[in-house]
Amino acid sequence: MLWFKAKQYGYGWYPATWQGWLVLVIYLGIILWSAFTSFDTNTKEVTPAQVWRFIAIDGVATILLIVIAWKTGEPAKWRWGKK
């Protein structure tokens, strides 16, 4: 069973089963968690280290989401709608 279906227009996937939705919810949770933990709320100054930490965590999470969608979804290709 495919967790992710290919989009009808463009390139990419969308969740098609509960497993796909679970992966997406976990991904969004990681993004929110990294936003709240990467930056110090006690000061108003944002350091480059905090920004790079946020980018690194979100980058790894995004790559993992793409790999999971690629492995458990329909083949990726550019689509122009129904044939």
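Colleague: Why is Leu24 called partly exposed?

Modeller: The relative accessible area of Leu24 is 22%. Buried means under 20%, exposed over 50%, and partly exposed in between, with a 1.4 Å probe and protein chains only as cover. Leu24 at 22% is therefore partly exposed. This is a predicted model, in which local features need pLDDT of at least 70 and side-chain atom pairs count only at pLDDT 80 or more, while totals for chains, interfaces and linings use all residues. Residues are numbered from 1 along each chain as its sequence is written, and side-chain values use heavy atoms, with hydrogens and water left out.

Colleague: Where is Leu24 placed, and what separates the C-alpha atoms of Leu24 and Tyr14?

Modeller: Leu24 lies in helix α1. Helices are DSSP runs of H or I with at least four residues, strands are runs of E with at least two, and both are numbered from the N terminus. The C-alpha atom of Leu24 is 9.2 Å from that of Tyr14, 10 residues apart along the chain.

Colleague: What makes Thr17 count as buried?

Modeller: Thr17 has 10% relative accessibility. The limit for buried is under 20%, so Thr17 qualifies. Thr17 sits in the loop between β3 and α1. Setting aside neighbours within four places in sequence, Thr17 is in contact with Met1, Leu2 and Trp3, where contact means heavy atoms within 4.5 Å.

Colleague: Why is Tyr9 called exposed?

Modeller: The relative accessible area of Tyr9 is 54%. Exposed requires over 50%, so the word applies to Tyr9. Tyr9 belongs to strand β2, residues 9-10. Tyr9 still touches Arg79, Trp80 and Gly81, not counting residues up to four places away in sequence.

Colleague: Which residues of α2 are buried, and what covers them?

Modeller: Gln50, Ile57, Asp58, Ala61, Leu65 and Ala69 are buried in α2. Their cover includes β1 (4-6), β3 (13-15) and α1.

Colleague: Why is Ile68 not called buried, but partly exposed?

Modeller: Ile68, found in helix α2, has a relative accessible area of 29%. That value falls between 20% and 50%, so Ile68 is partly exposed. Beyond neighbours within four places in sequence, Ile68 is in contact with Trp3, Phe4, Val23 and Gly73.

Colleague: How do you know that the span of α2 is close to the expected one?

Modeller: Helix α2 has 25 residues and reaches 36 Å from its first C-alpha to its last. The expected span is 1.5 Å times one less than the number of residues, and for α2 this gives 36 Å.

Colleague: What makes the nonpolar surface patch?

Modeller: Trp18, Leu22, Ile26, Ile30 and Trp33 make a patch of about 550 Å². Patch residues have over 30% relative accessible area and no salt bridge; like charges are joined within 9 Å, and nonpolar side chains (Val, Leu, Ile, Met, Phe, Trp, Tyr) within 5 Å. A salt bridge is a side-chain nitrogen of Lys or Arg within 4 Å of a carboxyl oxygen of Asp or Glu. Areas come from the Shrake-Rupley method with a 1.4 Å probe, and for residues only the protein chains shown count as cover. Trp33, in helix α1 (residues 18-38), has a relative accessible area of 45% and is therefore over the 30% limit, though still partly exposed.
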